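Work through the exercises below with the sequence and the structure at hand. Each task is followed by a solution in steps.

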Amino acid sequence: MSSTINPDDDPVTTTRRRFLKGGTVALGGAVLGAGASAAETDNLPPNTPEWMKMPGEPMGSQPYGAPSPFEKGVVKNISKTLKQYISASGRTPLQELDGIITPNGLFYERHHGGVPSIDPAQHRLMLHGLVDRPLIFTMDDLRRFSSESRIHFLECSGNPSYSKPYGKTASDLVGLVSCAEWTGVSLKLVLQEAGLKPEAKWVIAEGADAAALTRSIPIEKCLEDAMLVYSQNGERLRPQQGYPLRLFLPGFEGNMSVKWLRRLHVTAEPVYSREETSKYTDLLPDGTAREFSFYMEAKSIITRPSGGQHLDAPGFHEISGIAWSGHGKIARVEVSVDDGKSWQEARLQDPVLTRALTRFRLPWRWDGKPAVIQSRAIDETGYVQPTLTELLAVRGENFFYHNNAIWPWRVAADGEVTNALA
Amino acid sequence: MRLRETCGIAFAILLCACASDAQAQSPYGIGRPATPAEIAGWNLDIGRDGGNLPPGRGSVADGRDVYAQQCASCHGEKGEGGLGDRLAGGQGTIGTAKPIRTVGSFWPYATTLFDYIRSAMPQNAPQSLSDDDVYAVSAYVLRLNGLVGENAILDAKSLAAIKMPNRDSFVGDARPDVKR
């Protein structure tokens, strides 16, 4: 950028320029561009920045806070070329986020019949089937039960597919994973309230959306760690996440954590709904398809530096990313900066929680030469995140779901970071 | 201290529940009984054996009319797909490099077709079709796949009796399938 801007530029222009730069920062490089313009130096040392020379926005200007306008590029990643948007998904911008908690406004979305607008006063949860006492609960009823809060990831089973074109950014690739603190009541407690009959083996959960999304859950999961959730990250669920009530099944594929939950039907066998037969089954090359494949296996991705970002100069760069496993805690994350020839153990940021995103970091000195960087997660069961080649050899390209492959990034000599498998 | 109190109360409640009639007493006494009529109104689940299929019937001929009005704009005149999923064809492709997943080629149970259409279709007005219309449209979609005759009329019994071509191709979850 040249230094031709007059410092006396009219304030509107100056503000717009700064705003555009803010947008670039939000969307852009791991390292910021050098070469600030004259106008931009007005607020730099030794000058006093203009925002110190007048009062800021008064209290109450935002009854519900919003991010800085300079972060306006950090939004959900929603394809502009979908056939339709009623049954569709929007991705978390993973490469823009720090830590392990996904802000509610950026939590990934997947719905199958649009987002219903539900009055909680008119919402009911019906619990029936193989129980001693079929019951109906209001939202107030559910809030009377002892509550609990837990931090867990949620991931869509199709994150990403096995076939090209592969995405450019971490969000394009695995943006259908997010993590939050969930508050609600243990499903076990609510099932005990109705009294399970000995023949109870499955619970069919149904959403109150236009898709009436229906999935069958094994009773073991319902009695292990399933929750009926009404709050996320401290506030009531957003409509996109199932307001006023959702099921939450830690470590299971996302669609089973049925949103807008209105009915739990305790049965002896699954219902074989459309979503668990024709959709969320995994097709193998021999024409058989795996059904009731619930768990999301161990996975990780480097989010910084990652596809679409740019390293401006050789030297120190921290490699950082997220790892998770539906089978428990992350035990170890290994990072390679030499195209998989050697691996180093990354540092795990506390807390390392069961079925939650875990942040990992590795200090790195980039020598300015082309490099391929990648991470692999190992969970507490000893399972090692596989390569895409290994997965394809067993599953083929039409498996579609549960792709937990290692995803390498290519760093070019000019600092551009791109998808090494694309 | 609060935890101990809570545990104590919970224990006392559980003791009461065990001591009296377990059928009548719930541990916390939260919620109210669901009546059979309320359950019948909400429970639309159809078993793969046809359990809970409602009375009613529908023919391929009637289904053709309902399909043309309610379904064809998204799924195509002959179930070839469009905005909505492809519904017909693809038999014999599932084990190939380019599988075409349709009702006829992939779905294991015809009962699921009834269940899904009744609960979720048409997308712009779910649960607006009569049970007779759902039987009829199910019959027509199965006809498009060559799985029932041109003169077929489906009801609870005949729908449940249909054996879908791909029924026996579903297997359990074999993961972890990549090990080191």
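**Exercise 1: the side of chain B that touches chain A**

In this predicted model, 45 residues of chain B are in contact with 49 residues of chain A. Task: find which elements of chain B supply two or more residues to this side, and how its residues divide by type.

Solution. Step 1: contact here means C-beta atoms, placed from the backbone, within 7 Å. Step 2: on chain B, the elements giving two or more residues are β1 (32-33), α2 (36-42), α5 (110-120) and β4 (170-171). Step 3: α5(B) contributes the most, with five residues. Step 4: sorted by type, the side of chain B that touches chain A has 23 nonpolar, 12 polar and 10 charged residues.

**Exercise 2: strand pairing between the chains**

Task: state in which sense β14 of chain A and β4(B) pair, and over how many bridges.

Solution. Step 1: β14 of chain A covers residues 289-290. Step 2: its pairing with β4(B) is parallel and runs over two bridges. Step 3: A:Ala289 has B:Phe170 of β4(B) as its bridge partner.

**Exercise 3: the two domains of chain A**

Solution. Step 2: domain 1 of chain A puts 26 residues into the contact and domain 2 of chain A puts in 24. Step 3: on the domain 1 side, β5 (148-155), α4 (170-174), β6 (177-186) and β13 (282-283) of chain A each give two or more residues. Step 4: that side of domain 1 of chain A divides into 16 nonpolar, eight polar and two charged residues.

Key
Residues are numbered from 1 along each chain as its sequence is written. Chains are lettered from A and ligands numbered from 1 in the order in which they are written. This is a predicted model: local features need pLDDT of at least 70, side-chain atom pairs count only at pLDDT 80 or more; totals for chains, interfaces and linings use all residues. Helices (H or I, at least four residues) and strands (E, at least two) are DSSP runs, numbered from the N terminus. Ala, Val, Leu, Ile, Met, Phe, Trp, Tyr, Cys and Pro count as nonpolar, Asp, Glu, Lys and Arg as charged, and the others, Gly among them, as polar. Two strands pair if DSSP finds at least two bridges between them.
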